[in-house]
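Here is a short briefing on one protein chain. Look at the sequence and the model first, then work through the points by topic.

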Amino acid sequence: MTQLTGRLKREHDTLVRMAVIYCRDHHGQTDDWLCDECHELMRYSYRRLAKCPYGEAKPTCANCPIHCYKKQQRQQVREVMRYAGPKMLRHHPIDAITHMFDKLRRAVHPRELRRKQ
């Protein structure tokens, strides 16, 4: 499996931290581990990030014109982020602030990037 680096790794790590908060409060996990369902969702997100056509120039998923996730997983991640996002500022403030700045990144469709080249 491809190793994530840079922005992609940071984005995945932020999502995992959100999933830990969500899993603890919804699935009763008592430590920083994930239940099987959440763990599988994070493995799925890792695979999708590894195949992202944007690479390091990737915008946040909410601003991305390409939806890489299947409908069910997209809904699960949306639910995790909606619940854990506001709590991130208290639990992981640096990740939360970095993610807010990443949201400002403009999303250019990969086809437009190819046309410019």
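Helix H1 has 22 residues and reaches 30 Å from its first C-alpha to its last. That is close to the 32 Å expected at 1.5 Å a residue. The expected span is 1.5 Å times one less than the number of residues. Helices here are DSSP runs of H or I with at least four residues, strands are E runs of at least two, and both are numbered from the N terminus.

This is a predicted model: local features need pLDDT of at least 70, side-chain atom pairs count only at pLDDT 80 or more, and totals for chains, interfaces and linings use all residues. Residues are numbered from 1 along each chain as its sequence is written, and side-chain values use heavy atoms, leaving out hydrogens and water.

**The whole chain**

- The protein chain has five helices and zero strands.
- From the N terminus on, its elements run α-α-α-α-α.
- Of the 117 residues in the protein chain, 34% are buried. Buried means under 20% relative accessible area, exposed means over 50%, and partly exposed lies in between (1.4 Å probe, protein chains only).
- Take contacts between residues at least 6 apart in sequence: 74% of them join residues at least 24 apart. A contact means heavy atoms within 4.5 Å.

**Helix H1**

- Which residues of H1 are buried? They are Arg7, Leu8, Glu11, His12, Thr14, Leu15, Met18, Ala19, Val20, Ile21, Tyr22 and Cys23.
- The cover over the buried residues of H1 includes H2, H3 and helix H4 (93-102).
- Glycine 28 follows H1, and its phi is positive, near 75 degrees.

**H1 against H3**

- Two packed helices are described by the angle between their axes and the distance between the axes.
- Helix H1 (residues 6-27) packs against helix H3 (residues 71-91) at an angle of about 100 degrees, with the axes 8 Å apart. Axes are lines fitted to C-alpha atoms, for helices over the stretch in contact, and angles run from 0 to 180 degrees between N-to-C directions.
- That angle makes H1 roughly perpendicular to H3. The class covers 65 to 115 degrees; under 35 is roughly parallel, over 145 is roughly antiparallel, and the rest is oblique.
- On the H1 side, the contact includes Leu15, Met18, Ala19 and Tyr22. On the H3 side, it includes Val80, Tyr83, Ala84 and Met88.
- The residues of this contact divide into 11 nonpolar, four polar and five charged. Nonpolar means Ala, Val, Leu, Ile, Met, Phe, Trp, Tyr, Cys and Pro; charged means Asp, Glu, Lys and Arg; the others, Gly among them, are polar.

**Tyrosine 22 and glutamate 11, both in H1**

- Tyrosine 22 is buried, with a relative accessible area of 8%.
- Leaving out residues up to four places away in sequence, tyrosine 22 touches His27, Cys38, Glu79, Val80, Tyr83 and Ala84.
- Tyrosine 22 and glycine 85 are 63 residues apart along the chain, yet their C-alpha atoms are separated by 9.5 Å.
- Glutamate 11 is buried too, with a relative accessible area of 13%.
- Again leaving out residues up to four places away in sequence, glutamate 11 touches Leu49, Lys58, Pro59, Thr60 and Cys61.

**Helix H2**

- The 15 residues of helix H2 (residues 36-50) should span 21 Å at 1.5 Å a residue, and its end C-alpha atoms are 21 Å apart, which agrees.
- Cys38, Leu41, Met42, Tyr44, Ser45, Tyr46 and Leu49 of H2 are buried.
- H1 and H3 are among what covers the buried residues of H2.
- Arginine 43 lies in H2. At 40% relative accessibility, arginine 43 is partly exposed.

**Threonine 60**

- Where is threonine 60 found? It is in the loop between H2 and H3.
- Threonine 60 counts as buried, at 2% relative accessibility.
- Not counting residues up to four places away in sequence, threonine 60 touches Arg7, Glu11, His99, Asp102 and Lys103.

**Cysteines**

- A disulfide is a covalent bond between the sulfur atoms of two cysteines. The cut-off used is a pair of cysteine sulfur atoms within 2.5 Å.
- The structure holds zero disulfides.
- Cysteine 52 is buried at 11% relative accessible area, and cysteine 68 is partly exposed at 23%.
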